[in-house]
Amino acid sequence: MAVGTENGTQTANGQSNGHLNGNGPVEPHIRYIPFAYSSEDSEATARRLVLAIRPAWESADSKVEFVRFTDGITNTLLKAVNKKAGLSKDEVDKEAILLRAYGNGTDLIIDRHRETQNHELLMRYGLAPELLARFENGMMYRFVQGSMTHPEDLRKPVIYKAVAKRLAQWHAVVPCIAARTGHSRRNSKNTDFIVPSEALGDAEFQQIIDSVAPGKPPPNVWTVMQKWIFALPTDTEAQRERQAQLQKELTRTVAELSQRPGLGTNGLVFAHCDLLSGNVIVLPKPQQTPADDRNGVTAKDTTIDVTFIDYEYATPSPAAFDIANHFAEWGGFDCDFSVLPTRVQRREFITAYIRAYYAYQGEKNGTTADYDEAAEVDRLLNEVDVFRGLPGFYWGIWALIQATISQIDFDYASYAETRLGEYWAWRDEISGDRQRAGKEIPLREKRWAQEQ
């Protein structure tokens with residue numbers, strides 16, 4: 001979850017028209033720079049990294065500046081620009097670079113090798129900016145101007161329908177690539193609730209993670225959560241008890257949800273898994289052309305187009321989880337449950353998604369998709385309802401780990417309790433425990449049940 005703002009402007013990428021770029025392998029030749037970024041000497045280390053790929057920026061007439069993005073809660077994000085005299089803002093931004101340095105200890109949570117592969121894979125399909133280089137603790141990629149959304153923007157029909165269409169493109173055309181789930185064994189504090197830790201060799205440990213959801217090729221959202229539970233802090237008895245409780249809940253949830261039929265292959269699609277507002281970018285509208293003028297088309301007639309950034313959490317997942325996870329972000333980091341999408345809004349989003357999904361599927365296969373739109377919309381709408389509690393579980397585990405490793409000024413501990421509270425409220429609602437106890441329905445569940 002790493003994003004940032006610069007006067008309402010954020011990274012984006014030039015999007016393709018959605019066509020596939022062939023079936024060849026993902027480009028493997030990404031430059032590696034054997035330097036590291038240091039927050040203790042930010043400008044000097046950032047300049048050294050940027051000049052390694054832009055040596056011309058050392059010229060006497062160059063004016064290299066860095067803009068720090070401020071909304072991140074995982075990584076450090078800097079925009080590097082060369083404000084040479086005579087260049088317009090658009091010309092400066094055309095050559096701008098985004099430098100992203102990983103947060104302290106986040107390799108415990110994120111498979112950085114997989115993240116690079118995700119970026120390269122998305123580049124192949126025209127869905128990511130050009131990745132320019134990797135360095136010891138981060139990466140650099142192209143900046144293309146666009147407007148970062150805010151939580152209130154996600155609730156605007158013109159925005160959420162555009163998000164639905166772009167997400168459908170991801171899910172319909174980008175393949176899920178199987179591999180081992182990356183993890184840091186040395187940071188996996190305790191597995192004694194499965195088998196004594198000392199009895200586990202590396203191969204056995206890998207097998208436990210990768211097989212958590214039987215029949216689902218790793219990595220996937222289930223294996224990621226298993227990896228995270230193994231990485232939870234276990235210094236105190238209370239922490240160990242909580243880890244065991246969350247393991248029990250993961251086992252229960254996997255049994256209930258992982259084998260449900262869904263879109264994609266084997267019920268999995270290539271999912272973003274972190275579609276908060278800062279990772280949704282509204283792209284600039286295309287320039288007016290003489291043909292537009294002749295046909296009476298004005299800039300305001302063109303539809304809004306969006307793109308997504310930050311792929312560190314992207315992994316195969318049920319489509320319903322990715323959509324439910326995005327809906328949870330309508331409330332922002334403050335978790336304002338009163339503005340989550342109503343049933344009408346969810347249906348509008350999912351209708352736009354289904355139309356785009358099958359259009360991209362047909363394009364990929366060279367056919368016209370034959371499907372029952374109403375039935376598919378109802379099916380996915382119901383699946384998203386089923387998965388609505390899982391994002392709270394997912395990010396709750398994540399935040400418990402971040403509370404012990406992050407150096408960013410954010411109250412991860414409170415955030416963890418809020419997100420896990422969403423999961424428990426969902427459990428109480430679907431089990432009937434809340435009703436039997438005569439308790440008032442929680443705001444999140446009340447809003448989710450609201451029709452309009």
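# Helix packing, cavities and loops

Q: Is the crossing of H13 and H14 left-handed or right-handed?
A: The crossing of H13 and H14 is left-handed, meaning that the near helix is turned anticlockwise from the far one by less than a right angle (clockwise would be right-handed). Helices (H or I, at least four residues) and strands (E, at least two) are DSSP runs numbered from the N terminus. The model is predicted, with local features needing pLDDT of at least 70 and side-chain atom pairs pLDDT 80 or more, while totals for chains, interfaces and linings use all residues. Residues are numbered from 1 along each chain as its sequence is written, and side-chain values use heavy atoms, without hydrogens and water.

Q: At what angle do H13 and H14 pack?
A: Helix H13, residues 390-405, packs against helix H14, residues 412-431, at about 160°, and their axes are 7 Å apart. Axes are lines fitted to C-alpha atoms over the stretch in contact, and angles run from 0 to 180 degrees between N-to-C directions. H13 and H14 are therefore roughly antiparallel (over 145 degrees; under 35 is roughly parallel, 65 to 115 roughly perpendicular, the rest oblique).

Q: Which residues make the contact?
A: H13 contributes residues including Phe393, Trp395, Trp398 and Leu400, and H14 contributes residues including Tyr412, Tyr415, Leu420 and Tyr423. Contact means heavy atoms within 4.5 Å. By class, the contact of H13 with H14 has 14 nonpolar, three polar and three charged residues. Here Ala, Val, Leu, Ile, Met, Phe, Trp, Tyr, Cys and Pro are nonpolar, Asp, Glu, Lys and Arg charged, and the others, Gly among them, polar.

Q: How do H10 and H11 pack?
A: Helix H10 (residues 319-328) and helix H11 (residues 343-365) meet at about 135°, with axes 12 Å apart. The two are therefore oblique to each other, and their crossing is right-handed. Ala319, Ile323, His326 and Phe327 of H10 touch Arg346, Phe349 and Tyr353 of H11. That contact of H10 with H11 has five nonpolar residues, one polar and one charged.

Q: What about H6 and H7, what is the angle there?
A: H6 and H7 pack at an angle of about 130°, and their axes are 8 Å apart. H6 and H7 are therefore oblique as well. Phe205, Ile208, Ile209 and Asp210 in H6 meet Thr223, Gln226, Lys227 and Phe230 in H7. By class, these divide into four nonpolar, two polar and two charged residues.

Q: Changing topic, how many cavities of 30 Å³ or more does the structure hold?
A: There are two cavities of 30 Å³ or more. On a 1 Å grid over the protein atoms alone, a cavity is a set of points where a 1.4 Å probe fits but cannot get out; a pocket is an open set with protein on both sides within 12 Å along at least five of seven lines, and lining residues have an atom within 4 Å of a point.

Q: What surrounds the largest cavity?
A: The largest cavity holds about 150 Å³ of space, a volume being the space filled by probe spheres set on the points. Sixteen residues line this cavity, and Asp111, Val224, Lys227, Glu312 and Ala314 are the closest to its centre. Helix H3 (112-124) and helix H7 (221-230) are the elements that give two or more residues to that lining, and H7 gives the most, with three. The lining of the largest cavity divides into eight nonpolar, three polar and five charged residues.

Q: Which residues line the second largest cavity?
A: Arg100, His119, Pro129, Tyr141, Ile309, Asp310 and Tyr311 line the second largest cavity, whose volume is about 30 Å³.

Q: Asp310, where is that?
A: Asp310 is in the loop between strand S11 (306-308) and strand S12 (315-317). Its phi is near 65°, a positive value in a residue other than glycine. Most residues other than glycine have a negative phi, and most peptide bonds are trans.

Q: Which residues does a cis peptide bond join?
A: Pro218 and Pro219 are joined by a cis peptide bond, with omega about -10°. Pro219 is in the loop between helix H6 (202-210) and H7.

Q: And what does Gly182 touch?
A: Gly182, in the loop between H5 and H6, is in contact with Asp111 and Lys227, leaving aside its neighbours within four places in sequence. Asp111 and Lys227 are also among the residues closest to the centre of the largest cavity.
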